[in-house]
Amino acid sequence: MRQARADEYAEFAVARAGHLYRSACLLTAGDTHLAEDLVQETFGRLYVRWGRVSRVGNPAGYAQTVLTRTFLAHQRRRSSRERATDVFPDLPGSGDGDASLRLTLLDALARLPAKDRAVVVLRYWEDRSVEETADVMNVSSAAVRTRCSRALGRLRELLGEDLAEYARP
């Protein structure tokens, strides 16, 4: 029985790792090392509770909730020694020509407060409803709408009013 549960967990982890990592990269505004740490911590928490999680109707949604809450907890306990920077290191290009766009968007996301960034990622990257986002973040729907409005306003300030130039054709 334990081996079957372990195999089921391993299969789930392999299937969801990429998606959780991409979400974590957006939540951390491109900090890939922190994103890996968050995904690892998420999988650790899921493993401990896998017996209950596997019986949930949507374990992928549960995993995303754990990831988001892990990110928010990390932001709250950030050491005073750590300093955010607005300078990105030289990153290897992917060759698709969108590197500057990607860096511009990640820089704009990094300038948002952690909870506002989480709302933007959940609402517009994960394509979640206001209610689902509120449930994941453990806040009211009104708080999600307010944060979303403020975050989008701040992104407009940072990126300019003409956001269409950043959208892919």
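**The second largest pocket**

Author: In this predicted model, the second largest pocket is lined by R16, H19, N58, G61, Y62, Q64, T65, E126, R128, E132, D135 and V136.

Reader: What volume does the second largest pocket have?

Author: Its volume is about 150 Å³.

Reader: And how do the lining residues divide into nonpolar, polar and charged?

Author: Two residues of that lining are nonpolar, five are polar and five are charged.

Reader: Which helices each supply at least two residues of the lining?

Author: They are α1 (2-27), α4 (59-76) and α7 (130-137).

Reader: Which of them gives the most?

Author: That is α4, which contributes four residues to the lining of the second largest pocket.

Reader: Let us change topic. How many helices and strands does the protein chain have?

Author: There are eight helices and zero strands. Along the sequence, the pattern reads α-α-α-α-α-α-α-α.

Reader: What percentage of the residues count as buried?

Author: The protein chain has 169 residues, and 37% of them count as buried.

Reader: Finally, what share of the contacts with a separation of 6 or more comes from residues 24 or more positions apart?

Author: Such residues account for 65% of those contacts in the protein chain.

Notes. Residues numbered from 1 in each chain as written. Predicted model: local features only at pLDDT ≥ 70, side-chain atom pairs only at ≥ 80, totals over all residues. Heavy atoms only, no water. 1 Å grid on protein atoms, 1.4 Å probe; cavity = no way out; pocket = protein on both sides within 12 Å on 5 of 7 lines; lining within 4 Å. Points joined across faces, edges and corners; volume = space filled by probe spheres on them. Nonpolar A, V, L, I, M, F, W, Y, C, P; charged D, E, K, R; others polar. Buried < 20%, exposed > 50% of the residue type's maximum accessible area, 1.4 Å probe, protein only. Contact = heavy atoms within 4.5 Å.
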